[in-house]
Amino acid sequence: MPNTIHIKAFGMVAEKIGTTELVMDHYQDSEALLDALLVKFPALKTIKFSLAINKKLISNKQEIPENAEIALLPPFSGG
Amino acid sequence: MEKERKPKNIFVQGSISPETIAKSIANHSTKTDIGGHSIFLGQVRADEKPEGKVLAIDYSAYEEMALEKAFEIREAIFAKYPLTCMHIYHSLGEVKVGELCLFVFTSSKHRKAAMDACDELVERIKAELPVWGKEILDTDNHVWKVNV
């Protein structure tokens, strides 16, 4: 099985990129993935969002484990 | 009284009915060591935005992560306050203006713990759960809700 990253997008991010799920090639760390995402979806440059790796919010550059589930999360607005 | 320690679903489809809340209150009548309840109810407000008037909020969530986070918050609040019970319900999908979208319910022997815990829970739910509200407007437009 090829090494891939499963990406889920939510809220305004999903709206900007036009999908709620996509699969991308594996990137070593969150910064490399972010760069690739911004190239693939320039619209993401205009909004604020965070990354979660395997359901954990990250604040700094982090390694991406194999077959990780990544989520692109705009600012939360529950309640 | 036993404390609930397992992750459980907090999401309900659509609005939270006043009957659900009444029933939940009634369910506590057998827990006679409780001396005080505190309840927070979030209601969808008909905000006037530059883009139009809010008719409803369509809620979505990263459910698996939200449930993990809700469990973590729940454990932290149980550890911090002497509570008897804690219940959290959040809507998913469409909730019209005037309807309820969040129900947070804490109970304790004495009022202060229930009130403080309820307050902290609501703040943490709004800040930490990956949930999003899309405000549906009367102009066929929508805007994404921003928590203040």
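How many salt bridges are there between chain B and chain A? The count is two, and we'll stop at one of them on this tour. Keep in mind as you click around that this is a predicted model.

**Stop 1: chain B on its own.** Hide everything else and colour chain B by secondary structure. With 148 residues, a compact globule would have a radius of gyration near 15 Å, and the 16 Å of chain B agrees with that. Of those 148 residues, 43% count as buried.

**Stop 2: where the chains meet.** Bring chain A back. The contact takes 23 residues from chain B and 18 residues from chain A. About 1700 Å² is buried between the two chains, with carbon and sulfur atoms giving 57% of that area. Now select B:Y62, B:W132 and B:W144: these three supply 41% of the area that chain B buries against chain A, more than any other three residues.

**Stop 3: polar links across the contact.** Select A:K8 and B:E64, whose side chains meet in a salt bridge with an N to O distance of 4.0 Å. Between the two chains there are also 15 residue pairs in polar contact. On chain B's side, the elements giving two or more residues include α2 (63–80), α3 (111–128) and β7 (131–137). β7(B) gives the most, with four residues. Sorted by type, chain B's side of the contact divides into 13 nonpolar, four polar and six charged residues.

**Stop 4: along helix α2.** Back inside chain B, pick B:E72 and B:K69, which form a salt bridge at 3.1 Å, N to O. They are three residues apart in helix α2 of chain B, so about one helical turn separates them. B:E72 counts as partly exposed, at 40% relative accessibility.

**Stop 5: from α2 to α3.** Next, select B:K80 and B:E120. Their closest N and O atoms are 2.8 Å apart, in another salt bridge. This pair links distant parts of the chain, with B:K80 in helix α2 and B:E120 in helix α3, 40 residues apart. B:K80 is exposed, with a relative accessible area of 52%.

Stop 6: B:E128 is partly exposed at 22%. Finish with B:R45, B:D47, B:K49 and B:E135, joined into one network by salt bridges that share partners.

Definitions and conventions:
Residues are numbered from 1 along each chain as its sequence is written. Chains are lettered from A and ligands numbered from 1 in the order in which they are written. This is a predicted model: local features need pLDDT of at least 70, side-chain atom pairs count only at pLDDT 80 or more; totals for chains, interfaces and linings use all residues. Side-chain values use heavy atoms; hydrogens and water are left out. Contact means heavy atoms within 4.5 Å. Buried area is the accessible area (1.4 Å probe) that two parts lose on being put together, summed over both. A polar contact is a pair of N or O atoms within 3.5 Å; within protein, one must be able to donate a hydrogen and the other to accept it, and residues adjacent in sequence count only if both atoms are side-chain atoms. Ala, Val, Leu, Ile, Met, Phe, Trp, Tyr, Cys and Pro count as nonpolar, Asp, Glu, Lys and Arg as charged, and the others, Gly among them, as polar. The radius of gyration is taken over C-alpha atoms; the globule rule is 2.2 Å times the number of residues to the power 0.38. Buried means under 20% relative accessible area, exposed over 50%, partly exposed in between (1.4 Å probe, protein chains only).
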